[in-house]
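Welcome! Take a look at it first, then read on.

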Amino acid sequence: MKEIERLASGERLSLEEWRALIADEESYPTAVLGEMAVSVRDAIYGRRVFIRGLIEFTSYCRNDCYYCGIRRSNGRAERYRMTPEAILDTCALGYARGFRTFVLQGGEDPYWSDDILSPLIMRIKESCPEAAVTLSLGERSDESYQRLREAGADRYLLRHETADSVHYGRLHPSSMSLDNRKRCLRTLKRLGYQTGAGMMIGSPFSSVDTLAADMAFLQELSPEMVGMGPFIPHHDTPFRDERRGSVALTLRMISLVRLALPHALIPATTALATASEDGHILGFNAGANVVMPNITPEREREKYSLYDGKKITGDEDGSDLCPLFEGFRIAGYEASMERGDYL
Ligand code: SAH
């Protein structure tokens with residue numbers, strides 16, 4: 001396991017080495033990687049898992065990503081857009097319930113100009129002074145990221161989706177590019193956002209090579225957050241007949257990311273929890289330390305359909321998180337409502 005030791009001392013691995021770590025289960029058993037990842041995580045964050053309130057505030061999108069249920073060409077997707085007031089109310093309600101991070105996620109909806117978003121972010125920060133605001137609004141200009149940062153946004157989630165440009169081109173129309181995605185991520189880091197990258201696991205045309213490229217890219221970018229979940233087909237997309245990504249490989253990748261980026265905040269994602277009943281716990285046991293319960297008001301939630309069968313449970317709507325947290329406790333994890341910044 002000399003590669004792992006080199007990772008621990010902060011060294012970059014070659015693509016060849018990453019390929020071995022990803023694919024050679026005999027030399028590097030998933031369970032062993034998981035145990036190593038857990039001890040690395042525990043040494044930094046302990047057994048706390050940070051809870052973020054996710055608000056899916058718009059399902060309009062100008063992009064046409066082949067995998068995504070709210071892509072522009074999906075005429076069957078129900079579209080909604082919460083009002084700034086409704087978003088503010090959702091945050092205030094969440095704040096009263098103890099949430100200290102709000103993740104505002106949506107499609108790339110041109111309605112949300114900087115002139116509308118900036119005052120909204122400022123108002124959220126005023127009424128929820130201890131809370132971190134995380135944005136996940138896709139690709140914007142450098143100037144826009146700067147204005148939103150100045151308005152008070154603390155963090156930004158923008159998965160790179162794949163670090164292999166040919167693969168990127170098979171997941172997205174030609175109007176989108178990996179270069180632009182990377183430009184956005186570098187800008188976000190430069191502006192001082194805690195920045196999240198990440199990728200779907202098992203997306204169509206992915207391979208050991210593309211995952212190795214992902215790991216090399218993550219090592220280079222060194223994001224504060226890394227989101228990964230299995231690809232899950234959506235019935236109204238060009239990828240409707242593609243296979244779902246593997247839970248086991250997702251867990252293995254979580255462990256490898258934990259070993260490569262010991263301090264990273266890594267969610268046990270909704271896609272993982274959708275693909276597996278104990279997805280959250282399996283994710284924690286692989287090295288994850290964040291959960292993002294959906295606190296989008298009921299009316300809108302069903303319409304934010306990125307993939308089929310997305311997990312929607314009563315205990316995840318922010319009104320009663322006790323059953324979820326109790327499950328974590330039994331598995332040896334403590335749900336923490338702290339801001340949970342990058343350490
Ligand atoms: N528009 C924002 C938010 C996208 S939704 C952005 O571009 O960043 C958040 C993530 O959901 C995406 O980055 C993608 O990785 C994931 N996702 C989309 N469709 C999916 C699918 N079919 N299966 C699994 N994950 C999916």
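In this predicted model, helix H3 (residues 30–45) and helix H12 (residues 279–286) have axes that come within 7 Å and cross at roughly 80°. Angles from 65 to 115 degrees count as roughly perpendicular, so that is how H3 lies relative to H12. The points below look at this crossing and then turn to the ligand.

**Where the two helices meet**
- On the H3 side, the contact is made by Gly34, Ala37, Val38 and Arg41.
- H12 contributes Phe284, Asn285 and Ala286.
- By class, the residues of this contact between H3 and H12 are four nonpolar, two polar and one charged.

**Around the ligand**
- The ligand has 18 residues around it, and those that come nearest are Tyr67, Gly106, Arg159, Glu161 and Ile232.
- This shell is made up of ten nonpolar, five polar and three charged residues.

**Polar contacts and burial of the ligand**
- Glycine 106 has a polar backbone atom 2.9 Å from a nitrogen atom of the ligand.
- In the side chain of arginine 159, an N or O atom is 2.9 Å from a ligand oxygen atom.
- Arginine 181 places a polar side-chain atom 3.3 Å from an oxygen atom of the ligand.
- The ligand taken alone exposes 560 Å², and 91% of that is buried by the protein.

Terms used:
Residues numbered from 1 in each chain as written. Predicted model: local features only at pLDDT ≥ 70, side-chain atom pairs only at ≥ 80, totals over all residues. Heavy atoms only, no water. Axes fitted to C-alpha atoms, helices over the stretch in contact; angles between N-to-C directions. Helix = DSSP H or I, 4+ residues; strand = E, 2+ residues; numbered from the N terminus. Parallel < 35°, antiparallel > 145°, perpendicular 65-115°, else oblique. Contact = heavy atoms within 4.5 Å. Nonpolar A, V, L, I, M, F, W, Y, C, P; charged D, E, K, R; others polar. Near = heavy atom within 4 Å. Polar contact = N/O pair within 3.5 Å; in protein donor to acceptor, adjacent residues only side chain to side chain. Areas by Shrake-Rupley, 256 points an atom, 1.4 Å probe, with all protein chains shown as cover.
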